[in-house]
Every structure is written in structure tokens, then in C-alpha cells.
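Have a look at the picture, then read on.

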Amino acid sequence: MAETSKYKSGFVAIVGRPNVGKSTFLNRVIGQKVAIMSEKAQTTRNKIQGIYTTDDAQIVFIDTPGIHKPKNKLDDYMDEAALSSLKEVDAVLFMVSATETRGAGDNYIIDQLKQVNSPVYLVINKIDEINPNSLLPIMDTYKRAYDWADVFPISALQGNNVDELLNTLVAKLPEGPQYYPDDEITDHPERFIVGELIREKVLELTRQEIPHSVAVQVEKMKTQDNGNVHIDANIIVERKGQRGILIGKNGGMLKKIGTLARKEIEDLLGSKVYLELWVKVQPSWREKESALRQLGYRK
Ligand code: GDP
Ligand code: MG
Ligand code: K
């Protein structure tokens, strides 16, 4: 991190119909290892898809698969959860394919995006597949539907215009800390995902009361002789009030978070899991360099 310029960071959601090329885009931006890893966490919602880290910026890409036409009550609930997380991110990428016309699925997502305050970028992928002359008409059909912060025709497969998109995203991100060390994912994939699963349950169960920046620190993850995995983790919040919300009445909320997280971790690891959670208050931990270092968020 350069001392003279301010570090920038933020959470960016990628939304779009299936098969438009979201995973291909992330593979290109983040690299193979992470993509393989994220397959493992396929059961999770609002999961971290990959982290793009440079000397000046960090973009944490998250996925919100709950955005689709609701069919039942559960869908409805998931949509709401996905939408509330969309409202918290620093930017949204809405990806469409240049090879398909704007359809009902796109329109539904666009409607949802109208409730989002952060910049929403339109990414028209697969331009390598179309005649360049047809790009403008495609852009027009989408431009009529929404006030995009910017429009990027790209080829995730061949890489066209991907750097421009990343540079624009970084330029518009707020100042912020490097949330995750450069090598967190590749060095400790399972520990990382376990932390994310716990964080995801926190965000799901507390809805908008706990901010996205809540951190989970997996202190210990140890396989015992009987094959069971013992995990100790801290949930780090900035304010005492947030600690109260997380613990809940008679510890009920923390218990619920632990139970749901444990089930998913057991699915992920294929072993029985003993999970112990603590909630710690670290005021303005995002700002404090020393605290970050102590937590392992910076080297
Ligand atoms: P997702 O469901 O949105 O994650 O889409 P995927 O990344 O899995 O991509 C769906 C299909 O589209 C795959 O066969 C990709 O190879 C293909 N694809 C993705 N991006 C591009 C692109 O820029 N150009 C072309 N020609 N194909 C692409
Ligand atoms: Mg995909
Ligand atoms: K995916």
C-alpha cells in the first residue's frame, strides 16, 4: 500500500441471468484458484465470489443469486434478503449477454435495481460473438430501461475492455482498508469459507442491523482424533449495540447463527463440527491499523 495515496476498497455485487458470463468474468479478474474454490461454497447465498487486490485497491465481489422472479414465499424472502444486501454494496454490476435480447428476467432485475442507491454499471458481455454493428442497438434497448452509472461492452472470455471496467470501479470506490490479506484465499481456503459462512448467517439473521463490514476471525480450526472439527471464531463488530443484537435475548441470536452456520460448515467439510462463537467489540476496527494487523487483516 502506497503511503501517499489513500487505499480504496469496497463490496461489489454481480447480478444477471444465468449463463451471461458472471463466473467467466470473475475467473478472468481473480484467477483460477478462487473460481475453483467458490464452487465448493455453491450452497451459500450472498457469498464472496472472489477478491481482487492490488497495491491501491481491493474489490470484494459478492454474488446475490436470490435476485430472480419470485415463485413462492421463500423466494420472496430470499429476494428481500438479496435486495437488502444489494443496498449495502458500494457498486453493482448488472451483466447481460450481447447474444440475447432483453427479456422478462432482465426486466425483473432492472426493476429491483431501481431501489439501489449505489452506482449500477451495465456490463454487456460476449461482444466477441456479435457483429460490432449490432452493439449500439443493444446498448440502446438497455439505456432506455435504467440510468446506468456507465456501460461496458466486454468479452469476459477474451478480456476485451475488462481492465477499463476494473479501473472505473476502483476510481469510484470509497477510501477504505484492505479487508482481506492478498493471500487469504489461496492459503487457507477452508478457513476463509468457514469465516464467510458465519458472516453470511450473521447478515442473513440480523438483516440490516449489522453492517456488511462485520468481520469474522476464525481463530482455530482443528480436526480431532475422531475426525470431528473444532472451530473457534470471533465475530467482530464496531459497537456495543451491535454486540447486543448479535447475542440476542438469552444468547438466542448467537445460538441461531451458530446452529445454521454449523450445518453449512458440516456440509462443506463433510465432517461433524463443533463450533464456538464469540462476539467482540473493536471500535472502528476498520480505521485502526494496529487492530487490523492484530486481526490478520493486514500484514
Ligand atoms: P454465469 O452463469 O453467468 O456464471 O455464466 P458462465 O460464466 O458460466 O458462462 C456461461 C457460458 O458463456 C460459458 O459457456 C462461457 O464459456 C460462455 N461465456 C462467458 N463469457 C463469454 C464471452 O465473453 N464470450 C463468449 N463467446 N462466451 C462467453
Ligand atoms: Mg456462474
Ligand atoms: K457462480
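## Starting in the hairpin

Let's begin with one pair of residues: lysine 220 sits across from aspartate 232, which belongs to strand β8. Strands here are DSSP runs of E with at least two residues, helices are runs of H or I with at least four, and both are numbered from the N terminus. β7 and β8 (residues 229–237) pair antiparallel, with 8 bridges between them; two strands count as paired if DSSP finds at least two bridges between them. Another bridge takes threonine 223 to valine 229 in β8. The hairpin of β7 and β8 has 5 residues between its strands, and glycine 227 there has a positive phi near 90°.

A quick word on what you're looking at. This is a predicted model, in which local features need pLDDT of at least 70 and side-chain atom pairs count only at pLDDT 80 or more, while totals for chains, interfaces and linings use all residues. Residues are numbered from 1 along each chain as its sequence is written, and chains are lettered from A and ligands numbered from 1 in the order in which they are written.

Contact means that the C-beta atoms of two residues, placed from the backbone, lie within 7 Å.

## A buried strand

Now over to strand β4 (residues 91–97), where you'll find methionine 95. Is methionine 95 buried or exposed? It counts as buried, because it has 23 C-beta neighbours inside 10 Å. The cut-offs go like this: a residue is buried if 20 or more other C-beta atoms lie within 10 Å of its own, exposed if 12 or fewer, and partly exposed in between, with C-beta atoms placed from the backbone. Leaving out residues up to four places away in sequence, methionine 95 touches Ile14, Gly16, Val20, Gly21, Lys22, Phe25, Val123 and Asn125. Methionine 95 and asparagine 125 are 30 residues apart along the chain, yet their C-alpha atoms are separated by 6.8 Å.

The rest of the strand is buried too: 7 of the 7 residues of β4 are, so β4 is largely enclosed by the rest of the structure. Ala91, Leu93, Met95 and Ser97 point one way, while Val92, Phe94 and Val96 point the other.

## Who sits beside β4?

Strand β1 (residues 8–15) runs parallel to β4, joined to it by 4 bridges, and valine 15 stands opposite phenylalanine 94. Strand β5 (residues 120–125) is also a parallel partner of β4, over 6 bridges; here leucine 93 faces tyrosine 121.

β4, helix α4 (residues 104–113) and β5 together form a right-handed β-α-β unit. Right-handed means that, with the strands pointing away from the viewer, the path from the first strand over the helix to the second runs clockwise.

## Around the ligand

How many residues surround ligand 1? There are 15, and the closest are Gly21, Lys22, Ser23, Thr24 and Leu157. To be counted as near, a residue needs its C-beta atom, placed from the backbone, within 6 Å of the molecule. Helix α1 (residues 22–30) gives the most to this shell, with 3 residues.

Asparagine 161 has a positive phi of about 70° although it isn't a glycine. You'll find asparagine 161 in the loop between β6 (150–153) and α6 (162–172). With 17 other C-beta atoms within 10 Å, asparagine 161 is partly exposed.

Asparagine 250 has a positive phi as well, near 50°, and lies in the loop between α9 and α10. Asparagine 250 is exposed, with 8 other C-beta atoms within 10 Å.

## The whole protein

Stepping back, the protein has 11 helices and 9 strands. Of its 299 residues, 35% count as buried.
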